[in-house]
Amino acid sequence: MKQLRQYIRRILIEKIQAEDFEDVMQTAQLAHLGQKRRDGSDYIMHPLAVQEITKRHYPENFAAQILALLHDAIEDGPSAELSEAELRQMIRGSITDPRDLQQIETALDFMTHDKSAMPNYDEYLANVFTNPLASIVKISDLIHNLSHNPSERQIIKYRNAISNVGVPRHIKKSHLDELMGILNATSGGG
């Protein structure tokens, strides 16, 4: 009987997570509606790629995968048709589990870079790295940014920041190895 209850619970959680993922995906698409990346691709492709990188290294971390989809929503969104307050309300309505929601909202605030309040990137990165969930997604974000025709300025900024700040211990070795492999392969790498 206990095994049956555990099985049913697991199936229900997976169903709720799948529905949350769909809702969050729609929210992220709306947040980045009409936005393009430097290479001309739709902006939503970046959060999707960050989510895939995160999932590859942390397949069981649902909150990190959701945060990956939303990580730029406040900073680089919302679209002209959507205010930040409306976007935050949509995020709240997209995530069923209140614990996941609180964890994701907190991490999203850490990831949202207000350059006027914190102009130094090293300080920003150190702050992001104090939040375990945000730090996982930030590493995935750096991996994707460095994988798609980064400027020399970007490469130097990220390499210096990682060197100066250091990476939290909870980051999986495979995740860090992927980031460092990219940093070392780019021009001027060590």
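Asp, Glu, Lys and Arg count as charged here, while Ala, Val, Leu, Ile, Met, Phe, Trp, Tyr, Cys and Pro count as nonpolar, and the others, Gly among them, as polar. The model shown in these views is predicted.

**View 1. The largest pocket and its lining.**
By the classes above, the lining of the largest pocket holds 12 charged, 8 polar and 6 nonpolar residues. That lining is made of 26 residues. Nearest the centre of the pocket lie Arg37, Arg38, Asn145, Gln154 and Tyr158. The space inside the pocket is about 630 Å³. Four helices each give at least two residues to the lining: α4 (73-76), α7 (121-128), α8 (132-147) and α9 (152-165). The largest share, 4 residues, comes from α9.

**View 2. Aspartate 141 in helix α8.**
Aspartate 141 is a residue of α8. Is aspartate 141 buried or exposed? Its relative accessible area is 4%, so aspartate 141 is buried. Two polar contacts of its side chain can be traced in this view. One, of 3.0 Å, runs to the side chain of lysine 138. Another, of 3.2 Å, runs to the side chain of histidine 71. With neighbours within four places in sequence set aside, aspartate 141 is in contact with His46, Val50 and His71. Leucine 101 sits 40 residues from aspartate 141 along the chain, and 20 Å separates their C-alpha atoms.

**View 3. Asparagine 149 in the loop between α8 and α9.**
The loop that joins this view to the last one runs between α8 and α9, and asparagine 149 has its place there. What is the phi of asparagine 149? Phi is near 50°, a positive value in a residue other than glycine. Asparagine 149 has a relative accessible area of 68%, so the residue is exposed.

Which residues of α5 are buried? They are Leu87, Arg88, Ile91 and Ser94. These residues lie on the same side of α5, because they cover an arc of only 120° around the axis. Ala85 and Gly93 are on the other side of α5, and both are exposed.

**View 4. Serine 94 in helix α5.**
Helix α5 spans residues 84-94, and serine 94 lies in it. Serine 94 has a relative accessibility of 4%, so it counts as buried. A polar atom of the serine 94 side chain lies 2.7 Å from the backbone oxygen of methionine 90. What else is serine 94 in contact with, leaving aside its neighbours within four places in sequence? The contacts are Asp20, Asp23, Val24 and Thr27.

Helix α3 covers residues 62-70. How many of its 9 residues are buried? The count is 9 of 9, and the helix is mostly covered. Buried residues of α3 include Phe62, Gln65, Ile66 and Leu67. Also among them are Ala63, Ala64, Ala68, Leu69 and Leu70. Asparagine 61 caps the N-terminal end of α3. There, a side-chain oxygen of asparagine 61 lies 3.4 Å from the backbone nitrogen of alanine 63.

How values were computed
Residues numbered from 1 in each chain as written. Predicted model: local features only at pLDDT ≥ 70, side-chain atom pairs only at ≥ 80, totals over all residues. Heavy atoms only, no water. Buried < 20%, exposed > 50% of the residue type's maximum accessible area, 1.4 Å probe, protein only. Polar contact = N/O pair within 3.5 Å; in protein donor to acceptor, adjacent residues only side chain to side chain. Contact = heavy atoms within 4.5 Å. 1 Å grid on protein atoms, 1.4 Å probe; cavity = no way out; pocket = protein on both sides within 12 Å on 5 of 7 lines; lining within 4 Å. Points joined across faces, edges and corners; volume = space filled by probe spheres on them. Arc of directions from axis to C-beta.
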